[in-house]
Amino acid sequence: MDGSIPTREQLETALAARHGKECQRRLSEACVAVCGLGGLGSNVAIALARAGVGSLHLIDFDRVDISNLNRQQYAIHQLGQLKCDAMRQNLEQIAPYCNVTTAPVRLTEDNLTHLLAEDPIVCEAFDSPEAKALLVNGVLEHFPNTWLVAANGMAGMDSANTIQTRRILPRFFLCGDGVSDVQEQGSLFSARVMACAAHQAMTILRIINGETEP
Amino acid sequence: MLTINGQTADDAMGKTLADYLTAHGFEPTRVAVERNGDIVPKAQYGQTILQDGDTVEIVRFVGGG
């Protein structure tokens, strides 16, 4: 290969060969909002794009900081950039035909109903407990038909085996160990955050494919 | 029987959800509460009376992501 961008057809054929044609069709028609592009969201977005998810709606007000490089999927040359822009660049190198839309804003109770109105699947990938609760409550209160995959508890050095996916409500899934707080643990390791992000991404892929038991 | 997070909590029967959260150290801005298969809207915590037969799950969010 000479580094030139494959055609849409070439990439779709390669994905369908791995995933099956019908599954790939479902993935290519899917749209997922990723709220937060830190340790969780940057990994979720990449996993979904690699799988061939057709549309991603990226929401994050923040910029890439040196303290993010321990676990977030950004590079040195992206320091200072909006995470929305940096992740769009990264996704273009992986899945150039993924339809990426971005909203570099802070999600609030006021803008949530507008921002997420068109997204059938929402991934909660924030870091602060208040932001997590705001998004989860907002989606569950306002969008009864939206699928919601949130994360809770992935800080520290405990075994990755304690990270699980639970189905709290028919359309609300929660990944994580449920307890490991970064304020208490004092650390976040890429591998453990990625394990939680992988749970989220896999749950989303399964929902898209019609498999809704965790 | 009243069940909260998998545990019998009959002593909380008759209390409001808001009172229960306060008494057990939950910060209302960091939780989501499901009761009998439905989300309890935040604005209704003060009017939601915990009753015999209820199954409640309080998700307490922690930091990290």
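Predicted model: local features only at pLDDT ≥ 70, side-chain atom pairs only at ≥ 80, totals over all residues.
At what angle do α3(A) and helix α8 of chain A pack, and how far apart are their axes?

Chain A has an open sheet of 7 strands, and the pairing is mixed. Reading across, the order is β3-β2-β1-β4-β5-β7-β6. At the edges sit β3 (99–103) and β6 (164–169) of chain A, each pairing on one side only. From one strand to the next, the twist averages 20 degrees.

Now one pair of strands. β1 (residues 31–35) and β2 (residues 55–59) of chain A run parallel, joined by 5 bridges. Take A:Val32: its bridge partner in β2(A) is A:Leu56.

Helix α3 of chain A, residues 39–51, packs on this sheet. It touches β1, β2, β4 (121–124) and β5 (147–151) of chain A. The direction of α3 makes about 170 degrees with that of β2(A).

Back to the opening question. α3(A) and α8 (residues 190–208) of chain A pack at about 40 degrees, with axes 8 Å apart. Angles under 35 degrees would count as roughly parallel. α3(A) and α8(A) are therefore oblique to each other. The crossing of α3(A) past α8(A) is right-handed.

Which residues meet there? From α3(A), they include A:Leu40, A:Val44, A:Ala47 and A:Leu48. Facing them from α8(A) are residues including A:Val193, A:Ala197, A:Ala201 and A:Ile204. By class, the contact of α3(A) with α8(A) has 12 nonpolar residues, 3 polar and no charged ones.

Notes
Residues numbered from 1 in each chain as written. Chains lettered and ligands numbered in written order. Heavy atoms only, no water. Pairing = 2+ DSSP bridges. Helix = DSSP H or I, 4+ residues; strand = E, 2+ residues; numbered from the N terminus. Axes fitted to C-alpha atoms, helices over the stretch in contact; angles between N-to-C directions. Contact = heavy atoms within 4.5 Å. Parallel < 35°, antiparallel > 145°, perpendicular 65-115°, else oblique. Left-handed = near helix turned anticlockwise from the far one by under 90°. Nonpolar A, V, L, I, M, F, W, Y, C, P; charged D, E, K, R; others polar.
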